[in-house]
2 protein chains.
Amino acid sequence: MTTNTTVRLGARPIGEPRHSDWIIAQEAIPEIGPGQFLVRVDMISLDPAMRGWLDDRPSYLPPVGIGDVMRAGAVGEIIASEHPQFPVGMGVQGAFGVQEFAVSDGQGVTRVDPRLGTPSMYLGVLGITGLTAYFGLFDHGKPKAGDTLVVSAAAGAVGSVVGQIGKINGCRVIGIAGGAEKCAYVTNELGFDDVIDYKNDNLREAFARTCPTGIDIYFDNVGGKILNAALGNLALNARVVICGAISQYNAETPTPGPSNYLSVLIRRATMSGFIVFDYVNQYRTAQKRLAAWVAEGRITAPETIIGGSVTDFPDVLLKLFTGDNVGKLVLDISGSRR
Amino acid sequence: MTTNTTVRLGARPIGEPRHSDWIIAQEAIPEIGPGQFLVRVDMISLDPAMRGWLDDRPSYLPPVGIGDVMRAGAVGEIIASEHPQFPVGMGVQGAFGVQEFAVSDGQGVTRVDPRLGTPSMYLGVLGITGLTAYFGLFDHGKPKAGDTLVVSAAAGAVGSVVGQIGKINGCRVIGIAGGAEKCAYVTNELGFDDVIDYKNDNLREAFARTCPTGIDIYFDNVGGKILNAALGNLALNARVVICGAISQYNAETPTPGPSNYLSVLIRRATMSGFIVFDYVNQYRTAQKRLAAWVAEGRITAPETIIGGSVTDFPDVLLKLFTGDNVGKLVLDISGSRR
């Protein structure tokens with residue numbers, strides 16, 4: 001272990017990121033100073049939001065700079081430390097980036113508590129995706145028993161947790177997913193009440209069939225036509241939670257907005273967005289509740305863990321956009337150094 | 001006074017309503033039964049929402065049926081009564097329709113209290129438009145001192161009141177209006193801090209100039225391109241109040257939605273719709289506050305009162321969509337019977 005392999009952004013992608021957009025570099029392992037520690041990165045999170053970070057436009061985080069190490073959530077172990085609260089041997093989760101070793105000052109870093117779950121769970125159900133599901137549904141969806149909750153990208157890392165928390169809280173939960181296999185997974189494995197196959201169903205008929213009294217909560221991860229169709233089927237006082245828009249992340253030109261947005265007026269609805277980082281003071285409470293639900297078997301937290309090295313990142317990233325993966329997508333690089 | 005002239009819907013308009021879409025009828029003055037009263041209609045309200053009621057699609061109110069008297073808010077005087085709470089001589093406001101005489105059972109009817117304002121004010125600042133401004137701004141806009149409040153259709157009946165309430169509550173208020181004359185009116189007469197001329201200004205530059213720290217509250221009456229541009233300029237935690245979409249009401253095909261809707265996510269914003277009828281139990285309190293602000297000279301409540309008869313309704317309605325009128329548009333038919 002004398003070099004740090006990093007994946008840096010070489011050029012801003014147009015549409016889907018290509019290999020030529022990335023720079024693979026071999027660098028010296030960085031040195032730490034007072035108040036810092038060195039993390040050996042073991043697992044890297046792949047998230048749809050990554051695509052947005054590559055564009056040079058304002059968002060909730062600044063764009064990844066040209067030449068910078070690609071931003072990514074990761075888990076790892078502290079192997080050197082000059083920070084009293086982060087000792088050697090501690091498991092940690094943070095935005096360590098797509099690289100083998102990272103220096104941190106502890107900002108935004110949380111401890112991986114092995115009593116609550118495995119390291120990869122800290123990138124999924126106990127990490128940003130699970131916390132996004134938790135705060136988005138509770139704080140913006142405001143679920144009540146008997147509500148009809150519709151979740152898009154239902155087989156995905158966020159959607160699968162949203163629907164299962166909805167079930168725990170007495171909602172009737174309808175998932176939206178693409179293809180027979182994913183749809184079967186949503187009802188059979190995740191326990192949703194019903195599912196809409198957006199690749200094969202007529203959306204209008206499917207919403208009428210599955211949501212005869214309208215949608216009380218629509219948790220949107222996809223945007224586009226599915227969001228628009230959902231807006232056309234809102235119940236009175238519906239809550240629309242805008243969590244993401246994966247259908248639009250690779251669009252090269254602005255796609256039309258939802259023409260049904262006036263349903264927000266007609267149905268006295270609320271559409272709101274949120275950023276999970278705003279809830280950082282409540283993470284620990286949420287993680288304990290989520291871990292308990294997992295332990296009780298009330299939440300299934302699927303993971304797709306792909307073994308490889310950091311240089312596999314450009315290929316693995318694309319799996320997010322093909323609609324092939326189920327649950328949380330993780331690149332496990334811990335074997336690549338052994 | 002032996003006949004009741006009525007304006008009934010003859011055909012559903014495509015685009016702007018035409019004369020051939022209406023039926024002018026001479027009918028007998030209706031008789032009242034127990035629990036009913038007869039109103040002599042004096043003034044009829046013209047509202048952008050009327051256009052939506054003409055289409056055969058679900059909304060917050062059912063469509064006006066073919067052959068039905070056109071729905072309209074109105075004020076008048078009770079001239080016959082078999083209802084103990086609504087005696088002869090009382091001034092009343094209600095959805096009496098485009099006709100000279102109306103029978104009512106009192107549902108949705110409120111007293112015109114001459115201590116608070118004139119009858120026409122009960123169609124404007126003390127009526128549905130003023131109440132819409134009041135509840136939309138307070139309950140959904142949640143104004144705080146120092147907030148930047150942007151109001152579209154700022155010279156209109158609702159927008160003019162929204163902005164003035166915003167000023168009273170310490171907001172920096174920017175209006176959007178069309179043309180130099182209306183823009184001068186918005187700053188000089190209504191006292192807004194600044195104004196954007198959507199017919200002549202570059203919207204992007206105008207928002208950057210007038211809202212350097214972003215929009216905290218956007219109160220939208222117009223939809224379309226202006227809504228989209230505003231969504232591109234939201235401050236963190238912005239509130240977008242969807243009150244109407246007059247730019248789209250005569251559209252014959254669905255217009256594109258706001259492509260910038262993802263700003264709701266990025267800026268942690270909320271977009272919500274509301275219907276003023278949901279606040280009926282709080283009308284009286286709001287009317288007292290609004291009347292006090294008018295009396296103190298803190299709210300200017302412009303009215304465009306057009307004298308005529310009910311048969312002028314089809315022509316006067318079109319004035320809503322040409323952008324020519326300032327403030328509340330009222331058809332005064334009280335002179336047509338003398």
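I take a salt bridge to be a side-chain nitrogen of Lys or Arg within 4 Å of a carboxyl oxygen of Asp or Glu. With that rule I looked up B:Asp278, which forms a salt bridge with A:Arg268, the closest N and O atoms being 2.8 Å apart. Across the interface of chain B and chain A the rule finds 2 salt bridges.

**Basis of the entries.** I note that this is a predicted model, in which local features need pLDDT of at least 70, side-chain atom pairs count only at pLDDT 80 or more, and totals for chains, interfaces and linings use all residues. Residues are numbered from 1 along each chain as its sequence is written, chains are lettered from A and ligands numbered from 1 in the order in which they are written, and side-chain values use heavy atoms, with hydrogens and water left out.

**Extent of the interface.** I counted contact as heavy atoms within 4.5 Å; the contact takes 30 residues from chain B and 30 residues from chain A. I then looked up the buried area, the accessible area (1.4 Å probe) that two parts lose on being put together, summed over both. Chain B and chain A bury about 2500 Å² between them, with 65% of it on carbon and sulfur atoms. In chain B, the residues that lose the most area to chain A are B:Tyr261, B:Leu265 and B:Arg268, together 28% of what that side buries.

**Strands at the interface.** I use DSSP runs for strands (E, at least two residues), numbered from the N terminus, and call two strands paired if DSSP finds at least two bridges between them. Strand E13 (residues 270–273) of chain A is joined to E13(B) by 3 bridges, and the two run antiparallel. I found A:Thr270 opposite B:Ser272, and A:Ser272 opposite B:Thr270. Within chain A, strand E12 (residues 234–242) pairs with E13(A) in the parallel sense over 4 bridges. There A:Ile242 stands opposite A:Gly273.

**Relation of the copies.** The same surface serves both copies, as 100% of the contact residues of chain B recur in chain A.
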